[in-house]
Each structure stands twice: as structure tokens, then as C-alpha cells.
Amino acid sequence: MSEFLRPLSNQPTHSLRSRAHRAWLLAEGDGFLAQYFQRIDLKVAASFTPEQRVALKQMFGDRNQGNHVVDFRHSLPIGRRRYYLVLLLGHERRTLDRLRAEGVLARSTTLLIYLLTALILAVPLLVLIYVVKMAAGVDLVVDGGLHGFWEGLRAQIGLLLGG
């Protein structure tokens, strides 16, 4: 049995806090291993060698939440259920072969994602531009409204084209 379990052997094993604490001690501060050790028998967790711990992290992937430039995770209560919203943005680490095998590189899907991203970014930008325009008192359409604007634009294009 590990030396980490001996000082805590008088604590009740059914306590979630003590189990999480023991798992944290066994994992020696590694959050991934602590979470994994909470799910298995702590005696088995104490028996892992350093090589086995490294192998576990490689096999399950060390999925720390701090690896993304943008990492937004939020749970939303809607009615009697809860839904989660996740927005992750970071460097793509998968190989092109893996992306092709997973079907991620489909042109139509990529195009749709680009369009949705552009829309999501453009709407707040246009609202910001409108608010700044209103605050500055700038009127972009004068004398004739929208019809006058198009007529003036057509006349300017005609002058540019030499007609």
C-alpha cells in the first residue's frame, strides 16, 4: 500500500471528499490522474508505477482544459433540463490523414463553418459600427434617402467608367 494512504487510513472510505483527497495525494498533484484514480479502487491506484501512470495519460490523452486560446464552457438551465455551451478555439493538432479519415475536411462543411463564423463575427461588428456612427452624429444617407444614395452611386460609377 502506498505511503499516501497510510496517514489517511482512519478516515471513512465512503466520504467523497476524503476519496477525492486520497486520489489527489496518490496522483501527486496531477489533475488528470486524480480524476482517473477517483473512479477506481484506491489500492489499485496506489499500485501504479510511474511508467504505468505515463502510459495511462498517453492512452486516454491528457485532456487538460488549459490548452486552448479560447476555452468557454457554461451550463445553461432551460426549463427542467440543463444544456451546456462550449466554445473552444486553438491550434489543430490532428494530422491531415486523421482529419480526412474522420471526414472533417469536407469542403461543404468547412464552407458552412466559415459562413457561420463570418456571420457570428460580422453582426456584432456591424452593430458596433452603427452605434459609433450614431454617437458621432454621422448621417450616411442624405437628400433623397436610399433612392438618392443609389442614384449618386450609379452616377459616380458612370463617371469612373467614362460614360
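A pocket is an open set of grid points with protein on both sides within 12 Å along at least five of seven lines. The exercises below use a predicted model.

**Exercise 1.** Describe the second largest pocket: its volume, its lining and the classes of its lining residues.

Solution. 
- Step 1, volume. The second largest pocket holds about 250 Å³ of space.
- Step 2, lining. The residues around this pocket are Val70, Leu87, Leu88, Leu89, Thr117, Ile120 and Leu121.
- Step 3, elements. Strand 2 (81–89) and helix 6 (107–136) are the elements that each give two or more residues to the lining.
- Step 4, classes. Six of the lining residues are nonpolar, one is polar and none is charged.

**Exercise 2.** Find the aromatic pairs in the whole structure and state how many there are.

Solution. 
- Step 1, count. The search finds two aromatic pairs.
- Step 2, one pair. Tyr36 and Phe37 have ring centres 6.2 Å apart and planes at 55°, and this pair is tilted.
- Step 3, another pair. The ring centres of Phe37 and Phe48 lie 5.8 Å apart with the planes at 5°; planes under 30 degrees apart count as stacked, so this pair is stacked.
- Step 4, the cluster. Ring pairs join Tyr36, Phe37 and Phe48 into a cluster.

**Exercise 3.** Work out which parts of the chain the pair of Phe37 and Phe48 ties together, and decide whether Tyr36 and Phe37 are buried, partly exposed or exposed.

Solution. 
- Step 1, positions. Phe37 belongs to helix 2 (residues 31–37), while Phe48 sits in the loop between helix 3 (42–46) and helix 4 (50–60).
- Step 3, Phe37. Its relative accessible area is 0%; buried means under 20%, so Phe37 is buried.
- Step 4, Tyr36. With a relative accessible area of 22%, Tyr36 is partly exposed.
- Step 5, Phe48. Like Phe37, Phe48 is buried.

Definitions and conventions
Residues are numbered from 1 along each chain as its sequence is written. This is a predicted model: local features need pLDDT of at least 70, side-chain atom pairs count only at pLDDT 80 or more; totals for chains, interfaces and linings use all residues. Side-chain values use heavy atoms; hydrogens and water are left out. On a 1 Å grid over the protein atoms alone, a cavity is a set of points where a 1.4 Å probe fits but cannot get out, and a pocket is an open set with protein on both sides within 12 Å along at least five of seven lines; lining residues have an atom within 4 Å of a point. Grid points are joined across faces, edges and corners, and a volume is the space filled by probe spheres set on the points. Helices (H or I, at least four residues) and strands (E, at least two) are DSSP runs, numbered from the N terminus. Ala, Val, Leu, Ile, Met, Phe, Trp, Tyr, Cys and Pro count as nonpolar, Asp, Glu, Lys and Arg as charged, and the others, Gly among them, as polar. Rings of Phe, Tyr and Trp (its six-membered ring) pair if their centres lie within 6.5 Å; planes under 30 degrees apart count as stacked, over 60 as edge-to-face and the rest as tilted. Buried means under 20% relative accessible area, exposed over 50%, partly exposed in between (1.4 Å probe, protein chains only).
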